[in-house]
Amino acid sequence: MFTGIIEAVGHLRRIERRGDDIRLTVASGKLDLSDVQLGDSIATNGVCLTVVERLTDGYVADISAETVSLTGFNHYQVGQAVNLEKAVTPSTRLGGHLVSGHVDGQARVVEVSARGQATEYWLEAPQALARYIAHKGSIAIDGVSLTVNEVSGERFRLTIVPHTSGETTLPLLKVGDSVNLEVDQIARYLERLMQQTETTQSTVGVSLAQLARAGFIR
C-alpha cells in the first residue's frame with residue numbers, strides 16, 4: 001500500500017525482456033534504500049513492484065505480462081524517468097490517498113497549459129475507467145496522488161502545483177503521452193457492493209419492487 005506522495009525520481013537502467021515478462025533494473029536516485037529488504041514493495045511510476053535484488057543505488061524487479069499490458073512498461077525505454085515511493089509503514093503519514101499500486105490502465109494527455117504558477121493537464125481516460133473518476137475525487141497518475149478538479153465526459157483536469165512538479169516526473173509530460181492510471185479504490189468497492197446488492201435482491205427474498213409488481217403495495 002502507498003500514499004501517492006513521491007519520495008524520489010529514479011530512472012530505468014536496464015530493461016530485460018523475458019518472453020512477455022520484463023526484468024527491470026531501476027536506479028533509485030535519492031530514495032533511501034537502507035531499510036529495503038528482498039520482497040519489499042516499491043511503487044515505480046505507480047506500479048507496485050517487488051524487490052528481487054537490492055543494489056547499492058537501485059533495485060531489480062520482475063514485471064508480469066499482465067502488468068506490462070496495462071501500464072507504460074510496454075513502451076518505456078532505458079533512461080525513462082520514474083516516480084518512486086516505498087510502501088507505507090504504520091507510522092507513515094497519509095498525505096495523499098490510499099494507493100494500491102495496481103494500475104487499472106492508461107490515460108492520455110490531451111492538453112497542457114499554465115495557470116499562474118501551476119500547470120493544468122487535461123487527460124482522457126478509457127471509457128471503462130472514466131466512470132470511476134469524480135470531481136474533487138482522488139486519482140493516481142504515474143503513482144502521484146492528485147485531486148480531480150474538473151470532469152467532462154471521459155476527460156478530466158488536474159492542477160499541479162510547483163512543489164509537486166519539482167518532485168515528480170509530471171513536468172516531462174506532453175500532449176499525446178500516456179500515463180499509468182489508478183482510480184480511487186473506494187469507487188471500485190462501492191460499485192461491487194451495489195452490484196452484489198442488486199443480485200441478492202433479485203434472487204433472494206422479496207423487494208419492494210417485487211411487492212409493487214404483485215399488487216401488494218402501491
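Isoleucine 141 stands opposite leucine 181 in strand S12, where strands (E, at least two residues) and helices (H or I, at least four) are DSSP runs numbered from the N terminus. This is a predicted model, in which local features need pLDDT of at least 70 and side-chain atom pairs count only at pLDDT 80 or more, while totals for chains, interfaces and linings use all residues. Residues are numbered from 1 along each chain as its sequence is written, and side-chain values use heavy atoms, leaving out hydrogens and water.

**Strand pairing**
- S9 (residues 138–141) is joined to S12 (residues 178–183) by three bridges, and the two run antiparallel; strands pair if DSSP finds at least two bridges between them.
- S9 also pairs with S10 (residues 144–152) in the antiparallel sense, over four bridges.
- Alanine 140 has serine 145 in S10 as its bridge partner.
- Two residues lie between the strands of the S9 and S10 hairpin, where aspartate 142 takes a positive phi near 50°.

**Glutamine 185**
- Glutamine 185 is found in helix H4 (residues 185–203).
- Its relative accessibility is 18%, so the residue counts as buried (under 20% relative accessible area, 1.4 Å probe, protein chains only).
- The side chain of glutamine 185 reaches the backbone oxygen of leucine 98 at 3.3 Å.
- Beyond neighbours within four places in sequence, glutamine 185 is in contact (heavy atoms within 4.5 Å) with Met1, Leu98, Val99 and Ser100.

**Valine 88**
- Valine 88 lies in the loop between strand S6 (81–86) and strand S7 (105–115).
- With a relative accessible area of 31%, valine 88 is partly exposed, a class that falls between buried and exposed (over 50%).

Terms used
Polar contact = N/O pair within 3.5 Å; in protein donor to acceptor, adjacent residues only side chain to side chain.
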